[in-house]
Amino acid sequence: MESSAQLPNVLLSAKTEAERQVAEGRDSCGGGKPGPWDQGHWANRK
Amino acid sequence: MGFPISTPIVKPVDGLCNLSCTYCYTAGLKSSADKKYMSEQTLASVIDFFCYDKKYTEFIWHGGEPLLASIGFYHKVVEYQRTWRNRGVKIVNFVQTNATLVTEKWAQFFSDNEFLVGVSIDGHEETHNCNRHYSSNTGSFADTMRGVKLLREAGVFNGAICGISKSNVSSPREVLDFFISQGIKKLKFARIKDIGLCKDVSDISISFAQYIDFLISVFDLWIEYDDPKIEVRDIQSVVNILMGGTLRECIYMGQCDQFVTVYRDGTIYACDSLPKDESLYFGNVFNDPTKVRNNDRLKASQEIARVRHALCQSCNWYSVCKSGCAKDHYMKLDSSSPIPEHCRELKRYFKHISTKLGHYGLV
């Protein structure tokens with residue numbers, strides 16, 4: 001098993017995001033769209 | 001998760017479009033469009049219907065090509081929405097466009113009014129033009145990318161949706177490299193398939209297994225390239241869910257009654273990825289929203305979803321999949337069990353990602 005010190009940035013970023021969502025107790029409201037790009041979770045990060 | 005019939009995919013010109021894409025699934029609507037647009041009265045009712053009992057709401061402007069409704073139409077959108085904004089409703093507008101009609105004026109309008117604009121791009125010029133062209137068969141790539149440039153300069157470009165067909169399914173690296181070279185790093189991939197309303201797409205459509213092969217390759221590339229700014233929607237969602245997050249793409253939400261399609265005449269149907277079938281007609285924007293959200297057809301579709309969930313709950317991947325997408329994984333609208341091949345392929349996809357995350361101790 002590769003150590004967390006070698007964690008790729010994309011997975012570190014994803015892990016941070018997931019932990020933040022859990023800590024905030026966020027619902028998955030608006031988490032998906034059938035067509036256009038999403039809003040909220042991703043758009044708000046711009 | 002939103003409550004039923006709360007997020008509208010609005011088609012102000014139904015399937016009317018200035019392009020004639022090979023795989024267009026709104027082709028069946030195009031002939032009935034008669035080049036008439038949603039009336040102002042209907043638009044006002046659309047806005048009222050989806051704002052009146054909400055603190056936050058989103059509008060997804062879709063088509064066909066939604067810009068054909070004219071910039072004046074969207075000025076009216078903003079005007080009618082202002083009434084609700086003044087009452088404290090937070091409203092977000094999304095547009096999905098082919099971008100060929102985008103001008104500086106459009107880009108400025110989107111920027112001034114905080115619209116977020118997604119564009120359909122099928123990869124580099126040759127691949128894109130294979131299937132995305134005008135009725136004269138002239139490719140749309142140059143016009144699309146010109147529009148993208150204007151949207152990016154205005155700060156409203158919100159990513160690309162890329163159709164995956166036989167033209168590009170075997171070239172995931174090439175597809176990803178193209179978008180990265182253009183600085184486009186927010187991506188969604190959509191499998192080209194026949195959903196019943198298309199022209200004959202048998203020459204270009206791909207199987208679900210081929211699509212999963214593509215996604216798995218893209219996931220591996222995403223790890224290899226290791227750029228957190230690269231966001232591939234489906235992959236982002238699965239990774240997030242496996243890590244315990246809540247970022248669910250709609251196909252993994254386990255219910256889709258939040259999303260509805262509103263046509264030019266104000267009629268309300270289920271998500272437009274599903275056939276425009278009478279069984280999925282829920283009412284119209286002139287009806288009492290409470291009654292529309294409690295109509296019998298909606299309840300029937302919710303019951304079908306409930307049965308699907310019950311059948312899927314014993315699966316190890318249920319917590320990720322949530323019984324899958326109603327349009328993709330079931331043979332008929334009222335089928336209880338998913339298509340076996342789709343189940344098998346989704347499990348392969350989830351296992352691949354989960355195994356990789358497990359190598360890092362993340363799951």
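Which elements of chain B are included in what covers the buried residues of α6(B)? The legends below, drawn for a predicted model, begin with that helix.

**View 1. The cover over helix α6 of chain B.** Among the elements that cover the buried residues of α6(B) are the helices α4 (104–112), α5 (125–131) and α7 (172–181), together with the strands β4 (115–120) and β5 (157–164), each of them in chain B. The residues of α6(B) that are buried are B:F141, B:T144, B:M145, B:G147, B:V148, B:L150 and B:L151.

**View 2. The length of α6(B) and the residue that follows.** After α6(B) comes B:G155, a residue whose phi is positive, near 75 degrees.

**View 3. B:I9 in strand β1 of chain B.** The residue B:I9 belongs to strand β1, which runs through residues 7–10 of chain B. Its relative accessibility is 1%, and because buried means under 20%, B:I9 counts as buried. Between B:I9 and B:G139 there are 130 residues of separation in sequence, and their C-alpha atoms lie 27 Å apart in space.

**View 4. Chain A, with its helix and its surface.** Chain A contains one helix and zero strands, and 50% of its 46 residues count as buried.

Conventions:
Residues are numbered from 1 along each chain as its sequence is written. Chains are lettered from A and ligands numbered from 1 in the order in which they are written. This is a predicted model: local features need pLDDT of at least 70, side-chain atom pairs count only at pLDDT 80 or more; totals for chains, interfaces and linings use all residues. Side-chain values use heavy atoms; hydrogens and water are left out. Buried means under 20% relative accessible area, exposed over 50%, partly exposed in between (1.4 Å probe, protein chains only). Helices (H or I, at least four residues) and strands (E, at least two) are DSSP runs, numbered from the N terminus. Contact means heavy atoms within 4.5 Å.
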